[in-house]
Amino acid sequence: MTTLSSARVSELFAASFGFAPVTTVKAPGRVNLIGEHTDYNGGFVLPAAINYYTYIALAPRDDRQLHLVAYNFDNESIRIDLDAEQWHNPDESWPNYVRGVVQELRKKGFVLAGGDLYIAGNVPAGAGLSSSASLEVALIRALLSLSGETIDPTQAALIGQAAENNFVGCNCGIMDQLISARGQENAALLIDCQDLSVRPVSMPADWEILIVHSGVKRGLVDSEYNHRRQQCETAAGFFGQRSLRAVELSQLLAAEHQLDELSFRRARHVLTENQRTLIAAEALAAGDLPGLIKVMVESHESMRDDFNITTPAIDTLVKILVDAGAGQAGARMTGGGFGGCVVAVAPTVVIPQLMAAVDADYQARTGCVPTLIRAKASAGAF
């Protein structure tokens, strides 16, 4: 990963534009400790913002133009007219996030102002650590800093989600943008995605988060993600509900033989994952490591068997971590699935033995090259 900081991104801005920026803002990526594919079902999630960021150095312009440069895309540059209608370009990647954020901010009545912006990030892309949400939230902070307008952090998250849903084309839930905007240092955030209420859950001071990128590039992410969402909506519709949050697990189990098998298993994952997420929050707050390990392992099994979003390499990686922890580490896949990262939580003294086990066994057993990321729960963008 690239070594970046606010000071370094300011230097890069100056080298690109020929003068110093007025300020630099940043928004973090996130790792979800538990609660997968529950957010768009109105359920519970337990993510933590992490100390990897999208940075944006910025300076005002006298016109209504945005001039943007992207460090992570070979300093590719674009210009955007704030008063023009924004169009999605399927041949482009990061510019669509900018245009989507501009469009959604304008729809909500924000005036915005012109500026020069230099964007650089060290959130691993395509790893399930929300580099996209980090970019969206950082853009909202940067654009409103230029115009001097203010926004509630939850509204900022909703605008970021709307940009991704309405413009980029991925029907993501609210978790990624909300934790990037509202994360807290040394704490995870229990989010009720139905009413967007949040509760900080402190992590024990001697516990640490270890993220391991599996080396498996996430494939078919958007199409499979949207497919899973449709399947959940179908299951909710069977019960006359718009969301699975309104369905009790006992109702689902009683209707097992009336639902098609796939819909039943998808819904069973979501409803049991909600229960596991609430248990995990209580275990984390109480320092109950065995309790947390149990639900993390169950969560991974549910993603593998009911939601079918893990891969053989990811399953192997989770087993290596759990075995190496010897009862002192929980592990599960994190993110949308089909590759990406695994998250482990363990006492800090146990982390080196987890890393050693991955280094010794994972590539030999799967052929995939892992990337180990030690992370701290960090503050959000607002």
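Student: Why is Lys-217 called exposed?
Tutor: Exposed means over 50% relative accessible area, buried means under 20%, and partly exposed lies in between (1.4 Å probe, protein chains only). Lys-217 has 75% relative accessibility, so Lys-217 counts as exposed. Its place is in the loop between strand 8 and helix 6 (221–238). Helices (H or I, at least four residues) and strands (E, at least two) are DSSP runs, numbered from the N terminus.

Student: What kind of model is this?
Tutor: This is a predicted model, where local features need pLDDT of at least 70, side-chain atom pairs count only at pLDDT 80 or more, and totals for chains, interfaces and linings use all residues. Residues are numbered from 1 along each chain as its sequence is written, and side-chain values use heavy atoms, with hydrogens and water left out.

Student: What makes Arg-199 and Glu-282 a salt bridge?
Tutor: The rule asks for a side-chain nitrogen of Lys or Arg within 4 Å of a carboxyl oxygen of Asp or Glu. For Arg-199 and Glu-282 the closest N and O atoms are 3.0 Å apart. The pair therefore ties together parts that are 83 residues apart in sequence, as Arg-199 lies in strand 7 (residues 197–202) and Glu-282 in helix 8 (residues 261–286). The rule gives 20 salt bridges.

Student: Why are Arg-199 and Glu-282 called partly exposed?
Tutor: Arg-199 has 35% relative accessibility, so Arg-199 counts as partly exposed. Glu-282 has 47%, so Glu-282 counts as partly exposed too.

Student: How do you know that Lys-294 and Glu-298 meet in a salt bridge?
Tutor: Their side chains come to 2.6 Å, N to O. Lys-294 and Glu-298 are 4 residues apart in helix 9 (residues 289–305), so about one helical turn separates them. Glu-298 is partly exposed because its relative accessibility is 28%.

Student: What about Asp-305 and Arg-304: which distance makes them a salt bridge?
Tutor: Their side chains meet at 2.8 Å, N to O. Asp-305 has a relative accessible area of 40%, so Asp-305 is partly exposed. Arg-304, at 33% relative accessibility, counts as partly exposed.

Student: Which residues are linked in a network of salt bridges?
Tutor: Glu-36, Glu-273, Arg-276 and Arg-332.

Student: How do you know that strand 8 pairs with strand 11?
Tutor: Two strands pair if DSSP finds at least two bridges between them. Strand 8 (residues 207–213) and strand 11 are joined by 5 bridges and run antiparallel. Ile-209 stands opposite Ala-375 in strand 11.
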